[in-house]
Amino acid sequence: MTRNDHAAIVDLMEAYFAGLHHADSTTLRRVFHSRLAYACATEGDELYLDLETYMARIDKREAPAKRGEPRDEAILEIAFGSDRLARVTAKMTMMGRSYLDFLTLVREGAEWRVITKVFTFIPDKDH
């Protein structure tokens with residue numbers, strides 16, 4: 001866990017946020033591990049996908065950028081468990097919802113990749 005590791009994860013998260021904002025599965029495939037486990041933990045909206053199923057959904061999605069939505073995201077925490085394991089907590093707003101993401105990353109060779117994405121919707125404070 002070096003400064004380079006931290007910087008690499010920040011760069012990976014920039015690609016993650018940009019890929020989601022532009023609904024760009026090519027970019028997101030560079031972010032996610034080939035064995036991605038994707039889960040929505042919001043009660044009533046539970047969903048469990050693998051990488052290919054998730055990328056097919058991304059490819060069918062109208063990009064928030066195309067709809068003129070501004071980017072609204074933040075990395076809340078980056079934590080390292082070892083030289084091959086990290087966790088990122090992030091939040092973002094898109095498609096009319098706010099999200100809280102817990103991402104688990106593993107180092108694959110010299111590259112970090114997101115291997116689990118578990119998220120929930122953050123309730124609107126006005127309701």
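Predicted model: local features only at pLDDT ≥ 70, side-chain atom pairs only at ≥ 80, totals over all residues.
Residues are numbered from 1 along each chain as its sequence is written, and side-chain values use heavy atoms, with hydrogens and water left out.

**View 1. Thr27 in helix α2.** Thr27 belongs to helix α2, residues 25–31; helices (H or I, at least four residues) and strands (E, at least two) are DSSP runs, numbered from the N terminus. With a relative accessible area of 13%, Thr27 is buried; buried means under 20% relative accessible area, exposed over 50%, and partly exposed in between (1.4 Å probe, protein chains only). Leaving aside residues up to four places away in sequence, Thr27 touches Ala15 and Gly19, where contact means heavy atoms within 4.5 Å.

**View 2. The buried face of helix α3.** Leu51, Tyr54, Met55 and Ile58 are buried in helix α3, residues 51–60. Seen down the axis of α3, its buried residues fall within an arc of 100°, so they line one face of the helix; the arc is that of the directions from the helix axis to the C-beta atoms. The cover over the buried residues of α3 includes α1 (3–21), α2, β1 (32–40), β2 (47–50) and β6 (111–122). Asp50 caps the N-terminal end of α3, with a side-chain oxygen 3.4 Å from the backbone nitrogen of Glu52.

View 3. Strands β3 (residues 73–82) and β4 (residues 85–94) run antiparallel and are joined by eight bridges; two strands pair if DSSP finds at least two bridges between them. Ile75 has Ala90 of β4 as its bridge partner, and a hairpin joins β3 to β4 through two residues. Ten bridges connect β4 to the antiparallel strand β5, residues 97–108, where Leu100 is the bridge partner of Lys91. In the hairpin of β4 and β5, which has two residues between the strands, Met95 in the turn has a positive phi of about 55°.

**View 4. The surroundings of Arg71.** Arg71 is placed in the loop between α3 and β3 and is partly exposed, with a relative accessible area of 32%. Not counting residues up to four places away in sequence, Arg71 touches Glu14, Phe17, Ala18 and His21. The Arg71 side chain makes a polar contact of 3.2 Å with the side chain of Glu14 and a polar contact of 2.7 Å with that of Glu73. A polar contact is a pair of N or O atoms within 3.5 Å; within protein, one must be able to donate a hydrogen and the other to accept it, and residues adjacent in sequence count only if both atoms are side-chain atoms.
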